[in-house]
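I opened this notebook to keep track of what I looked up, one entry per topic.

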Amino acid sequence: MIYRGCPLDGKIPADIVDRVRSSVDIVDIVSEKVKLKRSGANYMGLCPFHSEKTPSFTVSPAKQIFHCFGCGAGGDALEFLIRSENFSFPDAIRRLADRVGIEIPEHGVSQADKAELDAIYTANEVADEYFRDCLKDRKAGEKARQYLESRGMMDAADTFGIGFAPGSWDGMVKALAKAKIKPDISEKAGLTSRKEDGS
């Protein structure tokens, strides 16, 4: 998962992002999409991110996170909204801020700047998914998974979006290209850099 709490243009201050995240109740957010049933201290339901007949999707009110033991999806209310509604980060923050009555100041950012920032956020989402997929890959991520399992960190890997970067230099470049992320956007996002010949 990607948390872009310090926006590049400063239009959503980090302290406001933190206020929004701490003000929402994940059970309220998730229950609008998932039928939840109380199970001890947590809630259980059918995962909205993959098909299943037996509930493996859990929501923790105490930790304010969700986690699916079936597909590995996890995060907080913000991540749930981004995944379930396919929102960009700024749109998700604005939606949650409006819900809890927190005003987000706008500083006259142009539509072009907003479009570029949204593209940068999307590029980071693609990179996040690429590294997570590498960790889950049966062969490429095997040693990384073994290491995480030896440290008892596999659940944390799912919840906090830990991934694995394989040895190939162009794996993420190909993933970004497949997602139609322009090279200048991935460069501005800090995900790629140009060769000496400018390519």
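This is a predicted model: local features need pLDDT of at least 70, side-chain atom pairs count only at pLDDT 80 or more; totals for chains, interfaces and linings use all residues.

**Entry 1: helix H6**

I looked up helix H6, residues 142-150, and asked which of its residues are buried. They are Ala 144, Arg 145 and Leu 148. I then checked how these three lie around the helix axis, and they cover an arc of only 100 degrees, so they are on the same side of H6. On the other side of H6 I found Lys 143 and Ser 150, which are exposed. After H6 comes Gly 152, and I noted that its phi is positive, near 65 degrees.

**Entry 2: the sheet as a whole**

Next I looked up the sheet. It is open, has 5 strands in the order S1-S2-S3-S4-S5, and pairs them in the antiparallel sense. Which strands stand at the edges? They are S1 (37-39) and S5 (74-75); each has a single partner strand, so one side of each is left without a neighbour in the sheet. As background, I wrote down that strands of a sheet pair through backbone hydrogen bonds, either parallel or antiparallel.

**Entry 3: the sheet, pair by pair**

I went through the pairs in order along the sheet.

- S1 and S2 (residues 42-45) run antiparallel and are joined by 3 bridges. Arg 38 has Tyr 43 in S2 as its bridge partner. The two strands form a hairpin with 2 residues between them, and Gly 40 in the turn has a positive phi of about 70 degrees.
- S2 and S3 (residues 57-60) pair in the antiparallel sense over 3 bridges. Here Gly 45 stands opposite Phe 57 in S3.
- S3 and S4 (residues 65-68) are antiparallel too, with 4 bridges. Ser 60 has Ile 65 in S4 as its bridge partner. Their hairpin has 4 residues between the strands, and Gln 64 takes a positive phi near 60 degrees there.
- S4 and S5 pair in the antiparallel sense over 2 bridges. Phe 66 has Gly 75 in S5 as its bridge partner. Their hairpin has 5 residues between the strands, and in it Gly 72 takes a positive phi near 90 degrees.

**Entry 4: the two faces of S2**

I came back to S2 and asked which residues are on its covered face. Tyr 43 and Gly 45 are on the covered face, whereas Asn 42 and Met 44 are on the uncovered one. The general rule I set beside this is that in a regular strand the side chains alternate between the two faces of the sheet. Both residues of the covered face had come up in my list of pairs: Tyr 43 as the bridge partner of Arg 38, and Gly 45 opposite Phe 57.

**Entry 5: the largest pocket**

The largest pocket holds about 510 Å³. It is lined by 20 residues, and the closest to its centre are Ile 82, Arg 83, Glu 125, Val 126 and Glu 129. The elements that give two or more residues to this lining are helix H3 (77-85) and helix H5 (111-136). Which of the elements gives the most to the lining? I found that H5 does, with 9 residues. By class, I recorded 7 nonpolar, 4 polar and 9 charged residues in the lining.

**Entry 6: the second largest pocket**

The second largest pocket has about 280 Å³ of space. How many residues line it? I noted 13, of which Val 173, Pro 183, Ser 186, Thr 192 and Ser 193 lie nearest its centre. Helix H8 (171-178) and helix H9 (183-188) are the elements that give two or more residues to this lining. Its classes are 6 nonpolar, 4 polar and 3 charged.

**Entry 7: Val 100**

Is Val 100 buried, exposed or partly exposed? Its relative accessibility is 29%, so it counts as partly exposed. Leaving aside neighbours within four places in sequence, I found Val 100 in contact with Ser 23 and Val 24.

Notes:
Residues are numbered from 1 along each chain as its sequence is written. Side-chain values use heavy atoms; hydrogens and water are left out. Two strands pair if DSSP finds at least two bridges between them. On a 1 Å grid over the protein atoms alone, a cavity is a set of points where a 1.4 Å probe fits but cannot get out, and a pocket is an open set with protein on both sides within 12 Å along at least five of seven lines; lining residues have an atom within 4 Å of a point. Grid points are joined across faces, edges and corners, and a volume is the space filled by probe spheres set on the points. Ala, Val, Leu, Ile, Met, Phe, Trp, Tyr, Cys and Pro count as nonpolar, Asp, Glu, Lys and Arg as charged, and the others, Gly among them, as polar. Buried means under 20% relative accessible area, exposed over 50%, partly exposed in between (1.4 Å probe, protein chains only). Contact means heavy atoms within 4.5 Å. The arc is that of the directions from the helix axis to the C-beta atoms.
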